[in-house]
Amino acid sequence: MNTVENPDIASAKHTIDKEIEALRMMESSLNDNLSQALDLMQKTNGRIIVTGMGKSGHVGRKIAATLASTGSPAFFVHPGEASHGDLGMITDRDCVLAISNSGETIELSDILVYCKRFNIPLIGITKNKDSALGKASDIWLPLPDDGEACPLGLAPTSSTTATIVLGDILAIALLERKGFSKTDFKQRHPGGKLGAFLQKASDIMHKGDDIPLIKGNTPMLETLQTMSSKMLGCVGIVNADGELVGIITDGDLRRNMSEDIMNKTAQDIMTHNPKTISPDTMLSEALNIMNTTGKGITQLFIVENKRPVGIIHMHDCLRLGVA
């Protein structure tokens with residue numbers, strides 16, 4: 001029995017296909033201009049100034065934000081505001097990344113003239129190399145000339161998607177060229193859940209007298225008192241050199257529960273060679289270790305040269321929203 005496809009689903013698939021088609025066309029048109037643009041952006045001593053009007057402007061703001069957050073200082077200048085004083089934001093130490101699908105956006109004209117007058121490098125993103133923007137650009141990055149996903153051929157759809165992807169291409173390539181690290185990324189994203197994921201174990205670890213540590217020959221009564229007073233559900237066992245050699249958790253106590261347990265010492269029931277992490281381990285990685293180690297653990301000792309310098313509990317991560 002033939003079924004008629006939901007027209008909304010059919011429309012969605014058509015839009016997806018058209019936008020993928022545009023991206024494939026852009027992929028096939030990539031050339032050395034991309035490397036030249038990246039060389040220029042990488043050696044810029046000032047900032048990357050992104051500009052564009054209308055939908056290109058909205059996309060430009062996103063591109064500028066992505067560049068800035070991944071190690072390439074950038075900001076957006078609105079073409080209209082540029083004509084009324086904001087051109088002063090652009091210096092001869094900067095480069096300009098101008099976006100216009102048609103390349104004939106009137107509002108960009110003052111920025112194009114300004115770049116020529118003060119010898120400011122200009123990268124143009126447009127589908128038309130022979131347009132005003134294409135001709136004014138020192139480097140032309142082509143957009144696919146394949147129409148829009150909009151059935152009227154009017155609403156910017158495929159063209160804006162391609163522009164966003166081209167912006168991501170530039171940002172990621174620059175990130176890779178600069179060796180931008182997770183630590184660098186964290187410094188630019190201190191807030192929210194993402195900032196929490198990028199924190200290091202050393203940022204939230206319990207340290208000093210808050211670390212539950214005992215010697216191997218500690219009687220069980222004292223062991224239990226230490227576990228109870230530190231309220232982390234475990235105690236670490238160190239040798240004469242202060243190196244972490246074992247751990248006792250609530251689970252270890254349950255597994256060793258017997259009538260003579262109070263006659264034993266910590267080393268009699270400890271788990272040897274517990275999982276540990278370094279102080280610079282990201283919390284996201286620490287949480288992954290907790291979740292994937294055996295049946296799952298809830299504490300991790302932080303060690304340097306085998307000596308415990310801190311401890312984190314899964315609850316510490318959950319309080320920050322790292323889950």
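Which residues line the largest cavity? The close-up views below begin with that space. The model is predicted, so local features need pLDDT of at least 70 and side-chain atom pairs count only at pLDDT 80 or more, while totals for chains, interfaces and linings use all residues. Residues are numbered from 1 along each chain as its sequence is written, and side-chain values use heavy atoms, with hydrogens and water left out.

**View 1. The largest cavity.** The largest cavity is lined by Met26, Ser29, Leu30, Asn31, Leu34, Leu141, Pro142 and Leu166. Rolling a probe the size of a water molecule over the atoms shows where empty space is left. A cavity is a set of points, on a 1 Å grid over the protein atoms alone, where a 1.4 Å probe fits but cannot get out, and lining residues have an atom within 4 Å of a point. The largest cavity has a volume of about 70 Å³; a volume is the space filled by probe spheres set on the grid points, which are joined across faces, edges and corners. A search of the whole structure finds one cavity of 30 Å³ or more. At least two lining residues come from each of helix H1 (7–29) and strand E5 (139–142). Helices (H or I, at least four residues) and strands (E, at least two) are DSSP runs, numbered from the N terminus. By class, the lining of the largest cavity has six nonpolar, two polar and no charged residues. In this classing, Ala, Val, Leu, Ile, Met, Phe, Trp, Tyr, Cys and Pro are nonpolar, Asp, Glu, Lys and Arg are charged, and the others, Gly among them, are polar.

**View 2. The largest pocket.** A pocket is an open set of points with protein on both sides within 12 Å along at least five of seven lines. The largest pocket holds about 490 Å³ of space. It is lined by 19 residues, and the closest to its centre are Thr249, Asp252, Arg255, Gly296 and Ile297. Strand E8 (244–249), helix H12 (250–255) and strand E11 (299–304) are the elements that give two or more residues to this lining. H12 gives the most, with five residues. The lining of the largest pocket divides into five nonpolar, eight polar and six charged residues.

View 3. A salt bridge is a side-chain nitrogen of Lys or Arg within 4 Å of a carboxyl oxygen of Asp or Glu. The count by this rule is seven salt bridges. In one of them, aspartate 252 pairs with arginine 255, and the closest N and O atoms are 2.9 Å apart. These two residues are three apart in helix H12, so about one helical turn separates them. Aspartate 252 is buried, at 3% relative accessibility, whereas arginine 255 is exposed, at 63%. Buried means under 20% relative accessible area, exposed over 50%, and partly exposed in between (1.4 Å probe, protein chains only).

View 4. Aspartate 39 and arginine 177 meet through their side chains in a salt bridge (2.8 Å, N to O). Aspartate 39 lies in helix H2 (residues 32–43) and arginine 177 in helix H7 (residues 158–178), so the pair ties together parts that are 138 residues apart in sequence. Aspartate 39 is partly exposed, at 40% relative accessible area, and arginine 177 is partly exposed, at 34%. A salt bridge also joins the side chains of aspartate 168 and lysine 62 (2.6 Å, N to O). Because aspartate 168 is in helix H7 and lysine 62 in helix H3 (residues 55–69), this pair links parts that are 106 residues apart in sequence. Aspartate 168 counts as partly exposed at 28% relative accessibility, and lysine 62 as partly exposed at 34%.

**View 5. A nonpolar surface patch.** Leu221, Leu224 and Met262 form a nonpolar patch on the surface, and together they have about 250 Å² of accessible area. Patches are made of residues with over 30% relative accessible area and no salt bridge; like charges are joined within 9 Å and nonpolar side chains (Val, Leu, Ile, Met, Phe, Trp, Tyr) within 5 Å. Accessible areas come from the Shrake-Rupley method with a 1.4 Å probe, and for residues only the protein chains shown count as cover. Leucine 224 is in helix H11 (residues 220–230) and is partly exposed, at 31% relative accessibility.

**View 6. The loop between E11 and E12.** Asparagine 305 is found in the loop between E11 and strand E12 (307–313). Its phi is positive, about 55°, although it is not a glycine. Asparagine 305 is exposed, with a relative accessible area of 69%. Lysine 306 is in the loop between E11 and E12. The phi of lysine 306 is near 75°, a positive value in a residue other than glycine. Lysine 306 counts as exposed, at 57% relative accessibility.
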